[in-house]
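The sequence and the structure come first.

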Amino acid sequence: MNAELLAQLTGATQANAQTYADPLNIAMVQFGISGDKQVAAFLATVSIESARLTQVEEGLFYRDAGRLAVIFPRAFRNAAEAQPYVGNPKALSQKLYEGYQGRGLIQLTWRKTYERASKALGYDYVGRPELVLQAKHAALTAAWFWADAGCAGPATKGDMVEVTRLVNGPAKLHLVERTAQYQINLTILGA
């Protein structure tokens, strides 16, 4: 897959597609992500998780304590508790995820996930989580997560509901957008 095709399959700019085309090709081969339906589903997921290849780190800069309390009720009972974390993404990452917030093209989150990725891929993502921000590791951890979560089976069946659940849990975030990108991808791939 060249950068032009990746741009079409993710809605990314040509420049961002150029950055990620080779790393994604290598990672997809390594983890057996092949066949039109699986490729369409994987790249639809990558597209949405990374905001069309523009973001490889969860944005934790918030300006409003009330919004923080609403978004993260497990961490904050009210806006007053959230106030110290306004405009402080590093402290918020520590509070919410012990420093292991979402990173990569499919956002790795939580220390245990970084540990599993480290063990499976042979890189120290626990000691150096910033590695996951680099194109090679952003793509590699995305393909590893896809395989580790068992997304291949549902993707091959065209089941974006299950793929989304496996990636995002029961909230199935952005299911409509993922499914729309998946359908676009199938058309582009001629499937």
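## Basis

In what follows, a residue is buried when its relative accessible area is under 20%, exposed when that area is over 50%, and partly exposed in between. By this rule Arg111, at 37% relative accessibility, is partly exposed. The model is a predicted one.

## Nonpolar cores

The largest nonpolar core holds 48 residues. Within this core, Tyr20, Leu24, Phe42, Leu105 and Trp146 have the most contacts. At least two core residues come from each of helix 1 (3–10), helix 2 (14–30), helix 3 (36–49), helix 7 (111–121), helix 8 (135–149), helix 10 (160–168) and helix 11 (175–189). Helix 8 supplies the largest share, nine residues.

Leaving aside residues up to four places away in sequence, Tyr20 touches Leu6, Leu53, Val56, Leu105, Ala135 and Ala138. Another core lies apart from the largest one and has 13 residues. Tyr85, Leu92, Leu96 and Tyr97 are among them.

Ala143 is a residue of helix 8. Is Ala143 buried or exposed? Its relative accessibility is 0%, so Ala143 counts as buried. Beyond residues up to four places away in sequence, Ala143 is in contact with Ala27, Met28, Phe31, Ile33 and Phe42. Phe42 is also listed among the residues with the most contacts inside the largest core.

Thr113 belongs to helix 7. Thr113 has 7% relative accessibility and therefore counts as buried. With residues up to four places away in sequence not counted, Thr113 touches Leu108, Trp144 and Phe145.

Ile26 sits in helix 2. At 58% relative accessibility, Ile26 is exposed. Ile26 and Leu140 are 114 residues apart in sequence, while their C-alpha atoms are 8.0 Å apart in space.

## Salt bridges

Side chains of opposite charge can pair when their charged atoms come close. The model has seven salt bridges, counting pairs in which a side-chain nitrogen of Lys or Arg is within 4 Å of a carboxyl oxygen of Asp or Glu. One of them joins Glu57 and Arg103, whose closest N and O atoms are 3.5 Å apart. Why does this pair tie together parts that are 46 residues apart in sequence? Glu57 lies in the loop between helix 3 and helix 4 (65–71), whereas Arg103 lies in the loop between helix 6 (89–97) and helix 7, so the bridge links those two parts. Glu57 is partly exposed at a relative accessible area of 34%. Arg103, with 8%, is buried.

Another salt bridge pairs Arg111 with Glu115, with 2.7 Å between the closest N and O atoms. Both residues are in helix 7, four residues apart, so about one helical turn separates them. Glu115 has a relative accessible area of 36% and is partly exposed, as is Arg111 at 37%. A further bridge forms between the side chains of Glu81 and Arg77, at 2.4 Å from N to O. Here Glu81 is partly exposed, with 25% relative accessibility, and Arg77 is exposed, with a relative accessible area of 73%.

## Largest pocket

The volume of the largest pocket is about 860 Å³. Its lining consists of 26 residues, and those closest to the pocket centre are Glu49, Gln107, Thr109, Asn168 and Leu173.

Which helices each supply at least two residues of this lining? They are helix 3, helix 7 and helix 10. Helix 7 gives the most, with three residues. What is the make-up of the lining of the largest pocket by class? There are 10 nonpolar, 10 polar and six charged residues.

Technical notes. Residues are numbered from 1 along each chain as its sequence is written. This is a predicted model: local features need pLDDT of at least 70, side-chain atom pairs count only at pLDDT 80 or more; totals for chains, interfaces and linings use all residues. Side-chain values use heavy atoms; hydrogens and water are left out. A nonpolar core is a set of buried Ala, Val, Leu, Ile, Met, Phe, Trp, Tyr and Cys residues joined through side-chain atoms within 4.5 Å. Buried means under 20% relative accessible area, exposed over 50%, partly exposed in between (1.4 Å probe, protein chains only). Contact means heavy atoms within 4.5 Å. On a 1 Å grid over the protein atoms alone, a cavity is a set of points where a 1.4 Å probe fits but cannot get out, and a pocket is an open set with protein on both sides within 12 Å along at least five of seven lines; lining residues have an atom within 4 Å of a point. Grid points are joined across faces, edges and corners, and a volume is the space filled by probe spheres set on the points. Ala, Val, Leu, Ile, Met, Phe, Trp, Tyr, Cys and Pro count as nonpolar, Asp, Glu, Lys and Arg as charged, and the others, Gly among them, as polar.
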